[in-house]
Each structure stands twice: as structure tokens, then as C-alpha cells.
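Hi,

Here is the model I promised to pass on.

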Amino acid sequence: MESVLDVDLLPEPRAGPAASPQDVLDLLRTNGGRVTRSRRVLLDVLFEASRHLNAEEIAEAVARVEPAVNMSTVYRNLEELQHLGVVVHTHLGHGPATYRLAASAHPHLYCESCGGIFHLPPAVFDELVGVASREHGFTVDANHFAIPGRCAGCVAKGVPPAAP
Ligand SMILES: [Zn+2]
Ligand SMILES: [Zn+2]
Ligand SMILES: [Zn+2]
């Protein structure tokens, strides 16, 4: 699955021109969070990430920069940074959750056969978001779960969805 993620897909959108690592640290402080060394390294890892990383991959990347930071610190920081609104997670299929900076959250299509990921412009959900809000007072989070299906290549080759 990993190899497919690296070859075949659109590059992961970065945090966007408005968001720099400094902006993210400012958001963290504004929301009442402390900027510790281990959090700074974790945020750098997310800022530099060119694909979706799960908690274990993030912990490994942090350890390469800062071997003194242990895994449980990374996991705790991920939880706390989510509570502070700085980091969000996305479920891509059945695997572990993947983490992004909140500033670069975006909706996805996920191929259940090859694990391919496609990014969607948030505007594609405008109608759904509007109907859910008007008719049900419901606030849609289009970024939390990827929309599952099969990519064109897997449909053409008749690749069945992978077992969960
Ligand atoms: Zn993405
Ligand atoms: Zn596919
Ligand atoms: Zn979740």
C-alpha cells in the first residue's frame, strides 16, 4: 500500500501559503498550548510531510530528529494538539488514523483496492454541507473520513477491494 501512496498520487497539499510553521506555533499559543521542544519537532514533521502519516510514522520521524523524545510523548502530544485545534486526524480506509495540521485539512477519496488517495476541493461538499445545516442543523465534517470507492486503474484491472 505504501508504495502506491508514494508513486501514483497527487502531491499532498502543504499547509498553504498563509500558514507557516510560525503561524502554527502562534495558533498553538493562542489556543492556550505551550510550545515545547517535542511539540515543535512534531509540528515540523507534519509541516514537511509529503503524504499522510500515522502516529507510528510520526513518532519515527520525530525520533530521527530528537532521539530523546519517546513514543508515548509523541502520542500524548498528538492528542493534546488535537484538543488545541492545531492538528486533525483523517481515517483513510481501515488502517490507523493519519494526522495533518488543521491548517491543511482537506477531504479525500480513498481507493479500497490499492489504497490510493485523491484530494478533493472542499467546495464539492457545499451542497451537502448546506442541506445538512438547513434541514437538520447538522455541521458536516467532510475531512474526518475519506470517501471510499475504487480508482479508475483498479476498476479497469478488476482489482477487488482489499479485505479489511
Ligand atoms: Zn490528504
Ligand atoms: Zn486503486
Ligand atoms: Zn476519528
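Let me start with helix H5, where the buried residues are Val 74, Asn 77 and Leu 81. Seen down the helix axis, these buried residues fall within an arc of 60°, so they line one face of H5.

What does the buried face pack against? The buried residues of H5 meet helix H3 (37–48), helix H4 (55–65) and strand E2 (87–90). As for its dimensions, H5 covers residues 71–83, 13 residues in total. From first C-alpha to last it reaches 19 Å, close to the 18 Å expected at 1.5 Å a residue. After H5 comes Gly 85, with a positive phi near 80°.

Before you go further: this is a predicted model, so keep an eye on the confidence. The mean pLDDT of the protein chain is 86, with 88% of its residues at 70 or more. Residues 1–11 are below 50, and that stretch has 14 contacts in the model beyond near neighbours in sequence. Residues 14–18 also stay under 50, with seven contacts beyond four places in sequence.

Why does Ala 59 count as buried? The reason is its 22 C-beta neighbours inside 10 Å, given that the cut-off for buried is 20 or more. Leaving out residues up to four places away in sequence, Ala 59 touches Met 71 and Val 74. The C-alpha atoms of Ala 59 and Asn 70 are separated by 7.8 Å, although the two are eleven residues apart along the chain.

Now the sheets. H5 lies across E2 and E3, running at about 105° to E2. E2 and E3 belong to an open sheet of three strands, in the order E1-E3-E2 with antiparallel pairing. Strand E1 (53–54) and E2 stand at the edges with a single partner strand each, so one side of each has no neighbour in the sheet.

Here is how the strands of that sheet line up:

- E1 and strand E3 (residues 98–101) are antiparallel and pair over two bridges.
- Leu 53 has Tyr 99 as its bridge partner in E3, and Asn 54 stands opposite Thr 98.
- E2 and E3 are antiparallel too, with four bridges.
- Val 88 stands opposite Arg 100 in E3.

Is E3 covered on one face or both? Both: Thr 98 and Arg 100 on one side, and Tyr 99 and Leu 101 on the other, are all buried. In a regular strand the side chains alternate between the two faces of the sheet.

Strand E4 (residues 108–111) runs antiparallel to strand E5 (residues 117–119), and three bridges join them. His 108 has His 119 as its bridge partner in E5. The hairpin of E4 and E5 has five residues between the strands, and Gly 115 takes a positive phi near 80° there. E4 also runs parallel to strand E6 (residues 147–149), again joined by three bridges. On that side, Leu 109 has Ile 147 as its bridge partner.

Finally, the overall picture. The protein chain has seven helices and six strands, which run α-α-α-β-α-α-β-β-β-β-α-β-α from the N terminus on. Buried residues make up 21% of the 164 residues. Of the contacts between residues at least 6 apart in sequence, 62% join residues at least 24 apart.

Cheers

Conventions:
Residues are numbered from 1 along each chain as its sequence is written. Chains are lettered from A and ligands numbered from 1 in the order in which they are written. Two strands pair if DSSP finds at least two bridges between them. The expected span of a helix is 1.5 Å times one less than its number of residues. A residue is buried if 20 or more other C-beta atoms lie within 10 Å of its own, exposed if 12 or fewer, and partly exposed in between; C-beta atoms are placed from the backbone. The arc is that of the directions from the helix axis to the C-beta atoms. Two residues are in contact if their C-beta atoms, placed from the backbone, lie within 7 Å. Axes are lines fitted to C-alpha atoms, for helices over the stretch in contact, and angles run from 0 to 180 degrees between N-to-C directions. pLDDT is the predictor's confidence in each residue, from 0 to 100.
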